[in-house]
Amino acid sequence: MVALGLLIGPLLLSGCDTLPYYLQAVGGEIDLLTRRKPVADLLANPATSPDLRARLLLAGSASDFAVNALALKPGGSFRSYADLERPYAVWSVFATPPLALEPLTWCFPIVGCMSYRGYFAVADARQAAAKLAAQGMDTYVANTPAFSTLGWFDDPLLNTFITWPEPWLVGLLFHEMTHATFYLPGDTTFNESYAEAVAQVGTERWLQQKGRDDLLAAFQRHLQRRDRCLALIQRTRALLRVVYASPRSEEARRAVKKRILATTRATYRRWATAWGKESEFAFWFADDLNNARLVALTTYSRWVPAFLALLEAQGGSMEKFHQAVRALAELPPEIRQERLSALRQQPRSVSEGVGRGHEP
């Protein structure tokens, strides 16, 4: 609780506009921490359900794998479990101008500036999004099953993801443990893409080690479809950028935006029908597809191919990869972006990685 006090101090010095936000964040974290139960106690308790017991054992094995095979920091996370009695851990609010793809950012002590704000209650998130929408912004409220406190607290396993299929559960643990291993303040896309790259590689290596060829093949097919969807998102963003930069009237640009987004949704629906997986990425291409949702998707995926190329350049060594990531983070932002762009363009001997988004 001392660490919590150290965090609260600078937060309370913020202006009146942000104080309610920080108070809900602190209250939500306190509630989460007080719900934790040690995994060891749950495993020793005969009243623990067989299903939960199996998932806790799986998570423990995956955490050990992350340390031993992926060179991630062990820390004290995922040694406890908490039932939040809700479907998601937090709800993240993204916002952009209606004719731009640059997200609004919010700056915080310790973590720097981020392209979203997280809320522990969905009503609070929707209220915040509604206020931004009333100002004319495009908004998106993302369902977020987990988050990392970057080692400030021992993050527990949560009911919001513990029942996920094995590839998604272990991948999420690898993702969050990456945040606790290294985090670059002020660069959301760098951090999320880095964690996603580790999650993808880690999941593949986990399934290979376990001899789960059936799950590995299904996971890789999923990644191929997701890669195609992300390429569609990138094409959509490129078209919109041209429209937004044009000298046409605001009304005309809004009309073209509407047509482009409708075409994108229709394209996905055709693919989904052919795949027989209508709901697999449906939440990406919902009827309220807008700039903010596009930004959210890109936040988790933009630099994943670059990080995978960087890993390949290190001969697949996770230790050398993490060192290379830290070296990359030390570069000035402009040079770092150029380096990532160059890495993303490099041909790779294996399929490119993609982002996980907010739901399995």
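The dialogue below turns to a sheet and then to a disulfide.

A: Please keep in mind that this is a predicted model, in which local features need pLDDT of at least 70 and side-chain atom pairs count only at pLDDT 80 or more, while totals for chains, interfaces and linings use all residues. Residues are numbered from 1 along each chain as its sequence is written, and side-chain values use heavy atoms, with hydrogens and water left out.

Q: In what order do the three strands of the open sheet lie?

A: Strands of a sheet pair through backbone hydrogen bonds, either parallel or antiparallel. Here the order is β6-β3-β7 with antiparallel pairing, where strands are DSSP runs of E, at least two residues, and helices runs of H or I, at least four, numbered from the N terminus, and two strands pair if DSSP finds at least two bridges between them. The edge strands, β6 (117–119) and β7 (138–144), each pair on one side only. Strand β3 (residues 90–96) is joined to β6 by three bridges, and Trp91 stands opposite Tyr119 in β6.

Q: Which cysteines form a disulfide?

A: A disulfide is a covalent bond between the sulfur atoms of two cysteines. The search of the whole structure, which takes a pair of cysteine sulfur atoms within 2.5 Å as a disulfide, finds one: Cys107 and Cys113, with sulfur atoms 1.8 Å apart. Their link is right-handed, with 90° about the S-S bond.

Q: Is Cys229 buried or exposed?

A: Buried means under 20% relative accessible area, exposed over 50%, and partly exposed in between (1.4 Å probe, protein chains only). Cys229 is buried because its relative accessible area is 0%, whereas Cys107, at 47% relative accessibility, counts as partly exposed, as does Cys113 at 29%.
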